[in-house]
Amino acid sequence: MSFGMQVSFLVVATGEFILGILGNGFIGLVNCIAWVKNGKVSSADFILIGLSMARMTQLWVILLDSFVMGLFPHLYTVGKLAKVVTLLWTLTNHLATWFATCLSIFYFLKIANFSQFFFIWLKWRVNRVVLVFFTGSFFLLPVNFLMQDAVSEWMNVYRVPERNMTLHLDVNNIFYFKNLLLLSLTYIIPFLLSLISLLLLFLSLVRHTKNLQLSLTARDSSTEAHRRAMKMVTSFLLLFIIYVISNLVACWIFIKIQKYQVMMLLMVISTMFPSGHSFILILGNSKLRQHASRLLWHLKFSERNKTFSYIDTI
């Protein structure tokens with residue numbers, strides 16, 4: 001692998017890391033300050049705090065993995081470091097995925113309107129429902145660990161420079177593919193829960209719009225809340241699909257063609273999800289959006305004052 005490719009990979013990985021830390025750090029900081037100031041925190045803000053912390057930890061793990069892969073790939077031949085990184089990545093990825101899934105469920109139960117008794121019962125107990133889903137996700141964590149560890153055992157064989165790769169490293173591709181499929185199944189439950197939340201939100205919006213048309217009422221706040229929630233859940237689902245598919249496809253291509261560069265591409269794509277989704281959350285949340293606008297205005301105003309002060313000295 002050329003030196004220029006190593007530098008480019010590390011620059012991109014570091015840039016994505018900085019953006020992700022800034023976005024997720026901003027979300028966590030704003031909600032933590034509000035928590036301390038008000039003495040209490042809403043369920044949505046608490047989920048956002050947990051999501052931001054999990055993703056910041058995940059970004060640190062990805063950055064560590066990127067630098068080891070870019071500068072010291074021979075360390076992965078031992079296997080111990082790879083197992084530690086895999087353990088940390090699996091835990092933080094699990095927490096981040098389920099925090100985001102619980103946020104989708106929370107938006108659905110809080111905003112959607114249905115007259116069915118079971119839905120009303122869930123709506124009144126939204127905090128408990130979300131807590132049950134999040135707690136229940138930990139029963140899937142051991143399965144996630146086992147599947148990820150099985151896949152990483154195969155990946156450790158290839159986490160070495162290309163010059164050390166030889167054809168005598170015969171990998172059972174069928175067995176690897178089965179493990180990869182089993183690993184992908186761990187994403188099915190959070191994906192389906194978020195998808196169901198989106199579809200039911202859409203159904204609720206359609207029914208609400210029809211009621212407004214019958215009553216000759218203009219668009220109200222509930223309609224806007226439906227649309228904002230649907231945008232948030234849709235963005236999460238799209239990024240989540242790209243994230244999972246890119247991981248699975250990149251791993252499979254890496255095994256088939258045995259190219260070290262593909263593993264680097266996997267790392268870059270993996271970081272786009274926890275980094276990019278934070279800015280979508282900021283834009284979709286009115287409180288976070290207002291604080292971000294104030295911060296940008298303050299930075300712009302401070303920079304303008306510094307410019308004027310410099311001109312005055314001239």
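What percentage of the 314 residues in the protein chain is buried? Buried residues make up 45% of them. The legends below describe views of a predicted model.

**Figure 1. Overall view of the protein chain, with eleven helices and zero strands.** From the N terminus on, the elements run α-α-α-α-α-α-α-α-α-α-α. Among contacts between residues at least 6 apart in sequence, 78% join residues at least 24 apart. Of the 314 residues in the chain, 45% are buried.

**Figure 2. Close-up of helix α2 and helix α3.** Helix α2 spans residues 43–71 and helix α3 spans residues 80–111. Their axes come within 8 Å and cross at roughly 155 degrees. An angle over 145 degrees counts as roughly antiparallel, and α2 and α3 are therefore roughly antiparallel to each other. The crossing in which α2 passes α3 is left-handed. By class, the residues in the contact of α2 with α3 are 20 nonpolar, six polar and two charged.

**Figure 3. Close-up of helix α3 and helix α4.** Helix α4 covers residues 117–124. The two helices pack at an angle of about 115 degrees, and their axes are 9 Å apart. As in the title, the pair is α3 with α4, and α3 passes α4 in a left-handed crossing. On the α3 side, the residues are Phe 108, Leu 109, Lys 110 and Ile 111. They meet Phe 119, Leu 122 and Lys 123 in α4. This contact of α3 with α4 has five nonpolar residues, no polar residues and two charged residues.

**Figure 4. Close-up of helix α3 and helix α5.** Helix α5 covers residues 126–136, and α3 packs with α5 at an angle of about 155 degrees, with the axes 10 Å apart. That angle makes α3 roughly antiparallel to α5. The crossing of α3 and α5 is right-handed. From α3, the contact is made by Leu 95, Trp 98, Phe 99, Cys 102, Ile 105, Phe 106, Leu 109 and Lys 110. From α5, the residues in the contact are Val 126, Asn 127, Val 129, Val 130, Phe 133 and Phe 134. By class, the contact of α3 with α5 divides into twelve nonpolar residues, one polar and one charged. Leu 109 and Lys 110 of α3 are among the residues that meet α4, and both are also listed in the contact with α5.

**Figure 5. Close-up of the salt bridge between Lys 287 and Asp 45.** Side chains of opposite charge can pair when their charged atoms come close. The closest N and O atoms of Lys 287 and Asp 45 are 2.8 Å apart. This pair links distant parts of the chain, with Lys 287 in helix α11 (residues 286–313) and Asp 45 in helix α2, 242 residues apart. The count of salt bridges comes to one. Lys 287 has 24% relative accessibility and therefore counts as partly exposed. Asp 45 has 14% relative accessibility, so Asp 45 counts as buried.

Figure 6. Asn 144 counts as buried because its relative accessibility is 7%, and buried means under 20%. Asn 144 and Leu 91 are 53 residues apart in sequence. In space, the C-alpha atoms of Asn 144 and Leu 91 are 8.8 Å apart.

Notes: Residues are numbered from 1 along each chain as its sequence is written. This is a predicted model: local features need pLDDT of at least 70, side-chain atom pairs count only at pLDDT 80 or more; totals for chains, interfaces and linings use all residues. Side-chain values use heavy atoms; hydrogens and water are left out. Buried means under 20% relative accessible area, exposed over 50%, partly exposed in between (1.4 Å probe, protein chains only). Axes are lines fitted to C-alpha atoms, for helices over the stretch in contact, and angles run from 0 to 180 degrees between N-to-C directions. Helices (H or I, at least four residues) and strands (E, at least two) are DSSP runs, numbered from the N terminus. Angles under 35 degrees count as roughly parallel, over 145 as roughly antiparallel, 65 to 115 as roughly perpendicular and the rest as oblique. A crossing is left-handed if the near helix is turned anticlockwise from the far one by less than a right angle, and right-handed if clockwise. Ala, Val, Leu, Ile, Met, Phe, Trp, Tyr, Cys and Pro count as nonpolar, Asp, Glu, Lys and Arg as charged, and the others, Gly among them, as polar. A salt bridge is a side-chain nitrogen of Lys or Arg within 4 Å of a carboxyl oxygen of Asp or Glu. Contact means heavy atoms within 4.5 Å.
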